[in-house]
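Hi everyone, thanks for coming. I'd like to walk you through a structure that may be new to you, so please have a look at it while I talk.

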Amino acid sequence: MKNIILASASPRRRDILTQAGIPFTVCVSQAEEVIDTRDPAKAVKKLSALKCREVFDRTPGDVAVIGADTVVVYEGEIYGKPGSPEEAARMLEKFQGNRHQVYTGVTVCIREKEEEKTRTFHETTEVVFYPMTKEEIQSYIATGEPEDKAGAYGIQGKAVVFIKEIHGDYSNMVGLPAARLYQELKELGIDIREWQI
């Protein structure tokens, strides 16, 4: 019996896998998340690998573990989850009326019949916000939605009314590029449609 594990507490990543019809269980990674590079692609790939490996190393048997990490980048600066409403406001004030990028890194660690494989990749989506007034920013922050989201917004929630353009994979913005993940798994010789919990 094979098991697919999502090494994330994110309900949005769970929703994406469910929508894609991928059977999985959740085991939240205990890896420490520290960004130590200014290169967003390297940052999200490293963090996704840390999360994935932490769960993989403590899970026996045949398994595929998926780890992911998402950041927002504006003018070369990396933005994770805001630490306060004030920080969320500062992020949104920068993004409003401008263009930024969303990076998600994904790592898959697979063990099958004692053979191990690992694949790490990242996907980038470009986003353009409509201009937002200070009142709109404060009203959005008051919903509580920005608290646990990279860049202080979630396109799958109330922030959808502020998004002018998306260039790239929508699911990548939500936290897991499902189509790219499927293609990478296929290249690894895994047909997820045949996997069962």
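Let's start with Lys149, which sits in the loop between helix 4 (134–141) and strand 7 (163–167). Keep in mind that this is a predicted model.

Is Lys149 buried or exposed? With a relative accessibility of 11%, Lys149 counts as buried, because buried here means under 20%. Its side chain makes a polar contact with the side chain of Asp148, at 3.0 Å. If we set aside neighbours within four places in sequence, Lys149 is in contact with Arg12, Gly80, Lys81, Pro82, Gly154 and Gln156.

Two of those names, Asp148 and Lys81, take us to the largest pocket: they are among the residues nearest its centre, along with Arg13, Lys51 and Thr70. The largest pocket holds about 610 Å³ of space, and 33 residues line it. What kinds of residue make up that lining? There are 17 nonpolar residues, eight polar ones and eight charged ones.

Which element gives the largest share of the lining? That is strand 3, with five residues. At least two residues each come from helix 1 (11–19), helix 2 (40–57), strand 3 (63–74) and helix 5 (170–174).

So let's stay with strand 3 and pick out Asp69, which has its place there. Asp69 is buried, with a relative accessible area of 4%. The side chain of Asp69 makes a polar contact with the side chain of Lys51, at 2.9 Å, and Lys51 is one of the residues nearest the centre of the largest pocket. Not counting residues up to four places away in sequence, Asp69 touches a number of others, including Arg13, Glu33, Tyr103, Thr104 and Gly105.

Next, please find strand 5, residues 99–112. Strand 3 and strand 5 pair in the antiparallel sense over eleven bridges, and Ala64 stands opposite Ile110 in strand 5. Why can we call strand 5 largely enclosed by the rest of the structure? Because twelve of its 14 residues are buried.

Strand 5 also has a partner in strand 6 (residues 115–129): these two run antiparallel and are joined by 14 bridges. Here Thr104 stands opposite Glu123 in strand 6. Strands 5 and 6 form a hairpin with two residues between them, and Lys113 in the turn has a positive phi of about 55°.

That's my tour, and I'm happy to take questions!

Note on methods: Residues numbered from 1 in each chain as written. Predicted model: local features only at pLDDT ≥ 70, side-chain atom pairs only at ≥ 80, totals over all residues. Heavy atoms only, no water. Helix = DSSP H or I, 4+ residues; strand = E, 2+ residues; numbered from the N terminus. Buried < 20%, exposed > 50% of the residue type's maximum accessible area, 1.4 Å probe, protein only. Polar contact = N/O pair within 3.5 Å; in protein donor to acceptor, adjacent residues only side chain to side chain. Contact = heavy atoms within 4.5 Å. 1 Å grid on protein atoms, 1.4 Å probe; cavity = no way out; pocket = protein on both sides within 12 Å on 5 of 7 lines; lining within 4 Å. Points joined across faces, edges and corners; volume = space filled by probe spheres on them. Nonpolar A, V, L, I, M, F, W, Y, C, P; charged D, E, K, R; others polar. Pairing = 2+ DSSP bridges.
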